[in-house]
Amino acid sequence: MEDLVIRDADVVDGSGADAYRADVVIDAGRIVSIVKEAAAAGCQRPRATREIDAEGLVLSPGFIDMHAHSDLALLRDPDHSAKAAQGVTLEVLGQDGLSYAPADDRTLEEVRRAITGWNGYGDDIDFDWRSVGGYLDRLDRGIAVNAAYLIPQGTVRALVVGWEDRAATPAELDRMRQLVAEGLEQGAVGLSSGLTYTPGMYARDAELTELCRVVGSYGGYYCPHHRSYGAGALEAYAEMVALTREAGCPLHLAHATMNFGVNKGRAPELLALLDRALEAGADITLDTYPYTPGCTTLAALLPSWASEGGPEEILARLTDPATAGRIRHDLEVTGSDGCHGVPVEWETIEISGVADPALGDFVGRTVQEAADLRGEAPWDTARRLLVRDRLGTTILQHVGHEENVRAIMRHRAHTGGSDGILRGSKPHPRAYGTFPRYLGHYVRELGVLTLEECVAHLTSRPAARLRLPDRGLVREGYRADLVLFDPRTVAPGATFAEPRRLPTGIPYVLVDGRFVIEDGRRTDALPGRSVRRTPL
């Protein structure tokens with residue numbers, strides 16, 4: 001008697017091949033047998049302690065979220081239904097160059113302050129680690145879904161160089177290379193950057209190239225949030241392609257969008273750039289979320305010079321009238337590098353969350369709307385929020401283009417990533433809806449991708465990028481990270497009005513052979529663990 005048999009499932013195995021009917025048997029956290037067309041063939045049906053009738057349901061590998069911001073949420077919230085209910089069985093953390101390891105006491109406090117808008121300050125977390133390995137060990141105490149980790153280049157730079165806009169010295173570069181190597185040896189899968197966020201944005205290409213050489217030598221990959229998604233976006237993509245090619249390091253482009261008015265309809269230019277590089281031998285993948293608005297912190301829009309020195313220096317500049325005037329000019333006239341070189345359009349900036357509950361009336365309004373209610377200029381409203389909320393305000397940026405979203409998701413290098421910020425009273429619905437939206441809206445309703453293509457994008461492709469030898473496919477011997485969903489009804493519940501609603505049509509999700517979603521409800525199981533880099 002085996003642990004579990006899933007009977008008469010329509011298996012979409014993650015390879016992109018056509019679906020087939022099968023009984024799938026799971027034991028000790030792995031797929032032990034797949035009996036195709038068992039009922040039709042009249043063969044002996046496998047038996048198990050537990051049986052699931054999957055008639056009408058698709059069985060696929062668990063979805064891999066290639067861009068997640070659950071670094072503290074996995075520790076804070078054992079339920080983690082935001083991801084588990086979507087069928088996500090593995091998240092990649094440490095994104096955009098800022099996370100919580102490696103660090104010392106000073107750097108950890110600075111980073112906690114800097115990304116309060118992403119993850120909260122963490123008053124409820126015992127930060128009992130400082131190394132990458134220590135953080136991964138903490139995850140191994142039990143989490144809802146599995147997690148891999150990227151070494152955050154901005155955090156490494158803050159630890160070694162600080163928050164200054166200058167080139168690293170040779171000794172500092174050696175120390176950063178050492179920290180990256182140590183993190184990879186401890187299990188990280190690669191390196192991330194946030195090149196519109198401080199202090200990572202202060203790194204020159206030569207510095208990034210040297211760090212990427214280390215990453216490539218360990219079989220990891222580089223995942224940059226590159227220097228612009230607005231004005232100069234194509235040049236920024238090309239910069240990352242050239243940099244990683246020189247370093248001999250695989251490249252994974254984070255949330256590979258083409259946003260703002262200057263890039264409307266320009267996705268084919270990006271895809272042509274990537275195709276040329278792929279044909280020349282480059283190793284490139286990318287991820288996107290299936291929505292047009294972006295999401296970040298309000299402080300991220302500030303020019304880099306105003307962010308030098310860290311959070312306290314930013315607040316000091318904002319409270320100085322003359323310096324605040326310079327910041328306003330860069331935002332509204334010049335086009336801040338923090339706003340991707342495009343003059344800010346306050347009517348597109350929606351306030352989605354605040355750290356201070358007393359500021360809750362701002363949430364759900366654009367900066368322009370909030371300013372109009374107060375009879376003041378939008379900059380005055382934004383500045384007040386930044387200071388009173390101590391940089392903890394999160395925003396949605398309504399600057400994307402549907403035709404770009406559809407074109408990019410069709411590409412052969414595409415994978416899925418939610419880029420979901422889970423905090424705030426009105427977060428982006430992508431945190432709760434990315435994967436069912438791919439399956440429901442873009443597969444069933446629009447036919448942008450076939451079901452088999454889409455599942456491959458969300459499973460085997462990211463598993464290959466992460467170099468996971470036993471995940472991402474429904475295969476005998478593979479880990480039983482699996483999803484059962486109804487292709488006729490799967491859909492996100494989350495909307496911009498109600499962003500925390502859970503999806504429909506996903507009744508079962510297994511992580512390591514254990515149900516985290518059963519009959520559409522979250523169980524109390526915590527089978528997830530850290531997924532560490534496979535040695536070369």
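**Aromatic pairs and ring contacts**

User: How many aromatic pairs does a search of the whole structure find?

Analyst: Eleven aromatic pairs. Rings of Phe, Tyr and Trp (its six-membered ring) pair if their centres lie within 6.5 Å; planes under 30 degrees apart are stacked, over 60 edge-to-face, the rest tilted. This is a predicted model, where local features need pLDDT of at least 70, side-chain atom pairs count only at pLDDT 80 or more, and totals for chains, interfaces and linings use all residues. Residues are numbered from 1 along each chain as its sequence is written, and side-chain values use heavy atoms, without hydrogens and water.

User: What about F63 and F435, stacked or edge-to-face?

Analyst: Stacked, because the ring centres are 5.9 Å apart and the planes are at 5°.

User: Are they buried or exposed?

Analyst: F63 is buried, at 0% relative accessible area, and F435 is buried, also at 0%. Buried means under 20% relative accessible area, exposed over 50%, partly exposed in between (1.4 Å probe, protein chains only).

User: OK, Y291 and F496: what angle between the planes?

Analyst: 90°, with 6.3 Å centre to centre, an edge-to-face pair. Y291 is buried at 6% relative accessibility, whereas F496 is partly exposed at 32%.

User: Which charged end sits over the ring of Y291?

Analyst: That of R437, 4.7 Å from the ring centre. The criterion is NZ of Lys or CZ of Arg within 6 Å of the ring centre and within 35 degrees of the ring normal. The charged end of K36 likewise sits over the ring of Y20, at 4.4 Å from its centre.

User: Which residues form one aromatic cluster?

Analyst: Y100, F127, W129, Y135 and Y149.
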